[in-house]
Amino acid sequence: VWTVLGLVNAAHAIIGAARFRPSTPAWEPFLWEMSSLYTVGLLFPLVRYAVRRFPPLPIGRTFAPRKIFGAVLLHCFFIVPFSLLHTFGMASIRSVVYSLKAVPYRFGGDNLGLQVLYEFYKDVTLYPVLVMAVLAFDYYRRYRNRELLLAKAQLQNLRVQIHPHFLFNTLNMISERMYNDPAEADRMIARLSDLLRFALKSSDE
């Protein structure tokens with residue numbers, strides 16, 4: 001996922017550099033974007049843990065305004081260390097690559113503080129997106145688990161219904177129809193066959 005996002009951003013950055021700074025080699029904007037996205041990928045487990053430890057939305061929980069407000073406030077503070085780690089990580093990756101290519105590099109140049117502030121403002125937008133991604137995934141997982149539990153309950157109910165007494169009564173009804181209404185008896189046998197086949201298939205799965 002991070003590689004795909006990085007490649008998309010890198011393509012945009014390369015095109016932008018070719019338009020406004022044609023002398024910039026293509027590997028530089030590629031490095032800038034990939035280092036940023038890979039650092040985010042490394043930090044994402046920490047964001048996921050923070051979201052699940054302090055959920056800003058009550059997914060599967062009782063709505064408590066105070067707790068939600070406190071969680072949102074905590075995540076606002078979490079943006080600061082997230083941004084510092086993000087900036088440090090991508091600057092480190094870029095420094096290593098530039099040194100391997102024997103090209104001088106200083107993150108932010110003569111305006112390191114301004115560059116850090118610039119990255120922070122970008123992370124103010126990025127961090128909530130990551131939080132919402134975690135919440136969306138957790139909501140989907142809870143929904144799927146609920147659907148599976150419902151399906152299992154319905155299957156269990158079906159198995160309870162397919163009881164010897166149920167089969168005995170059904171076969172008696174079919175037997176009565178055999179002489180009075182053979183077509184209806186055939187339909188009842190077909191429906192019973194489908195029901196038993198479905199139950200056996202579900203039990204095997």
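View 1. Tyr 121 is exposed, with a relative accessible area of 54%; here buried means under 20% relative accessible area, exposed over 50%, and partly exposed in between, with a 1.4 Å probe and protein chains only. Phe 120, at 26% relative accessibility, counts as partly exposed.

A word on the model before the next views. This is a predicted model, in which local features need pLDDT of at least 70 and side-chain atom pairs count only at pLDDT 80 or more, while totals for chains, interfaces and linings use all residues. Residues are numbered from 1 along each chain as its sequence is written, and side-chain values use heavy atoms, with hydrogens and water left out.

**View 2. Aromatic pairs.** Rings of Phe, Tyr and Trp (its six-membered ring) pair if their centres lie within 6.5 Å; planes under 30 degrees apart count as stacked, over 60 as edge-to-face and the rest as tilted. By this rule there are 5 aromatic pairs. In one of them, Phe 54 and Phe 78 are tilted, because their planes stand at 55°, with the ring centres 6.2 Å apart. This pair links distant parts of the chain: Phe 54 sits in the loop between α2 and α3, and Phe 78 in helix α3, 24 residues apart. Back at the residues of the opening view, Phe 120 and Tyr 121 form an edge-to-face pair, 5.8 Å centre to centre with 70° between the planes. Look also for the aromatic cluster formed by Trp 27, Tyr 98 and Tyr 105.

View 3. At Phe 78, α3 bends by about 25°, and Pro 81 follows within four residues. The bend at a residue is the angle between axes fitted to the seven residues ending there and the seven starting there. Just after α3, Ala 102 takes a positive phi of about 55°.

**View 4. The largest nonpolar core.** Such a core is a set of buried Ala, Val, Leu, Ile, Met, Phe, Trp, Tyr and Cys residues joined through side-chain atoms within 4.5 Å. Of its 13 residues, Val 47, Val 51, Phe 82, Tyr 127, Leu 130 and Val 131 touch the most other members. Helices α2 (27-53), α3 (65-100) and α4 (112-161) each give two or more residues, and the largest share, 6 residues, comes from α2. Beyond its neighbours within four places in sequence, Val 47 is in contact (heavy atoms within 4.5 Å) with Phe 82, Tyr 127, Leu 130 and Val 131.

**View 5. Salt bridges.** The whole structure holds 6 salt bridges, each a side-chain nitrogen of Lys or Arg within 4 Å of a carboxyl oxygen of Asp or Glu. Arg 52 pairs with Asp 138, their closest N and O atoms being 2.8 Å apart; this links helix α2 to helix α4 across 86 residues. Asp 138 is buried, at 9% relative accessible area, whereas Arg 52 is partly exposed, at 32%. Asp 138 also meets Arg 141 (3.6 Å, N to O). In helix α6 (residues 182-204), Arg 187 and Glu 184 lie 3 residues apart, about one turn of the helix, and form a salt bridge at 2.9 Å between the closest N and O atoms. Shared partners join Arg 52, Asp 138 and Arg 141 into one network.
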